[in-house]
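Morning, everyone. Please bring up the model on your screens, and we'll walk through it together.

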Amino acid sequence: MKIVPKELNLPWGTYTHLVADLGYEESKIGSGYLAGDTLDDVMETYFERVVGDENYNFYGRQFPLSVACLDVKTGLSPLTVCPDDELSASRYDALGKKKLWYIAEARADATVYLGFKAPLDAEKLYNACTGGSVVELLHPIRAHKGDFFVIEPGTVHCASGVKILEVSEASGLDFAIFGGGAEDFSSQDSLVEALDFITMGPAPEPHEHAHHDEDRVTRTLHKCDEFAVTEIHLGDALHIYTEQFGSFIVYTCLGGEASFQFPKDGPTGMETYLLAAGQTLLIPAELADFYIVPVDRSSILIEATVPPRQIEDTYLPEEGHEHHHHDHDHHHHHD
């Protein structure tokens, strides 16, 4: 299923939903007989056929992953913080929001701000946000194309001079506590409401500065209970067997163009989807295997999935799992 991107123009740049099942924002399918349906519609109809048996048992009809693109063109993106799964479940009946930021483009002043330079208390943070001086307290990290940052719940974060591919848990709980366009960027933007879950000390540096080895096709960026993300430099065709994942797979093309080819009955024997830069494709869990073929030799893909979750492993929100549910486990690799 090709997903239709939805771009929001904001004072600092653009925020584009690439894959969203958030209630207030729902991605639409742009291809095939499901064209025009929302991702929520697809989940309501096809359940585990989309996400896999274990993930459906765990998350229910909530599609568990979000993918977005932040292009920070002017100044800073809003300073944002997200709660963890346990607090989000008990307070908001929702998933928390752990994130991975992958730097797709870095300009001359490219910077990611994660956490604070030194410990502080809630009063000092409140005064710095309301007084406009909070940026001076933040920990700046120079960003380069191909870097990635794992952003844990509770860590304040923002960026300048970068284009970011964001992979995260499916949650709207972005609390924008400072910065332009906060009310448009986020479904939750109350500084007071966020103060009790902000990590007030310096954040660890969840940051990779190792650039891609030309001999490697894939680079595993991060695997955790909430998601697994891999960078693919597509020089030759890959044959992907989905049973290794036990889940859906989302591919976003960051450069070049790739041809996704699916075995089918009929005279041609293959169904083909072309994925150009900026486009996103969702592979349902029920599809057994497929091929990814580079249209040119510079094709770069980001592959994201949610490892199958065991329901006894973790904490879930209250009643059932109709919409907003979450948590742990993993697996992956290419043939």
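Leaving aside neighbours within four places in sequence, which residues is Glu48 in contact with? They are Asp53, Tyr56 and Ala285. Keep in mind that this is a predicted model. Glu48 sits in helix H2, residues 48–51. The residue is partly exposed, because its relative accessible area is 31%, and buried would require under 20%. Now look across to Glu286. The two C-alpha atoms, Glu48 and Glu286, are 8.2 Å apart. Along the chain, 238 residues separate them.

Next, Lys99. Is Lys99 buried or exposed? Lys99 counts as buried, because its relative accessibility is 1%. The residue belongs to strand E7, residues 99–116. Its side chain makes a polar contact with the side chain of Asp174, at 2.8 Å.

On to the nonpolar cores. How many residues does the largest one have? The count is 38. Those with the most contacts inside this core are Val50, Phe63, Leu65, Leu100, Val229, Phe248 and Leu282. Helix H1, residues 39–46, gives the most to the core, with four residues. There is also a second, separate core of 23 residues. Leu87, Leu173, Leu195 and Ile198 are among its members.

Stay with Phe248 for a moment. Not counting residues up to four places away, Phe248 touches a list that includes Val50, Val51, Phe63, Leu65 and Leu282. Also on that list are Ala304, Thr305 and Val306.

Now the rings. The model has 10 aromatic pairs. One of them is Phe63 with Phe248, a tilted pair. The centres are 4.5 Å apart, with 40° between the planes. This pair links distant parts of the chain, 185 residues apart. Phe63 is in the loop between helix H3 and strand E5. Phe248 is in the loop between strands E15 and E16. Phe63 is buried, because its relative accessible area is 0%. Phe248 is buried too, with a relative accessible area of 0%.

Take Tyr251 and Phe290 next. Their ring centres are 6.1 Å apart and the planes are at 80°, so the pair is edge-to-face. Here the link spans 39 residues, from Tyr251 in strand E16 to Phe290 in strand E20. Tyr251 counts as buried, at 0% relative accessibility. Phe290 is buried, with a relative accessible area of 0%. Ring pairs also link Tyr251, Phe260, Phe262, Tyr273 and Phe290 into a cluster.

One charge over a ring, too. Arg309 lies over the face of Phe58, 4.7 Å from the ring centre.

Last stop, strand E19, residues 280–283. Which way do its side chains point? In a regular strand the side chains alternate between the two faces of the sheet. In E19, Thr280 and Leu282 point one way, and Leu281 and Ile283 point the other way. All of these are buried. Now the partners of E19. Strand E1, residues 2–4, runs antiparallel to E19 and is joined to it by two bridges. Ile3 has Thr280 as its bridge partner in E19. Strand E16, residues 249–255, is also antiparallel to E19, with four bridges. There, Tyr251 is partnered with Leu281.

Notes
Residues are numbered from 1 along each chain as its sequence is written. This is a predicted model: local features need pLDDT of at least 70, side-chain atom pairs count only at pLDDT 80 or more; totals for chains, interfaces and linings use all residues. Side-chain values use heavy atoms; hydrogens and water are left out. A nonpolar core is a set of buried Ala, Val, Leu, Ile, Met, Phe, Trp, Tyr and Cys residues joined through side-chain atoms within 4.5 Å. Buried means under 20% relative accessible area, exposed over 50%, partly exposed in between (1.4 Å probe, protein chains only). Contact means heavy atoms within 4.5 Å. Two strands pair if DSSP finds at least two bridges between them. A polar contact is a pair of N or O atoms within 3.5 Å; within protein, one must be able to donate a hydrogen and the other to accept it, and residues adjacent in sequence count only if both atoms are side-chain atoms. Rings of Phe, Tyr and Trp (its six-membered ring) pair if their centres lie within 6.5 Å; planes under 30 degrees apart count as stacked, over 60 as edge-to-face and the rest as tilted. A charge sits over a ring if NZ of Lys or CZ of Arg is within 6 Å of the ring centre and within 35 degrees of the ring normal.
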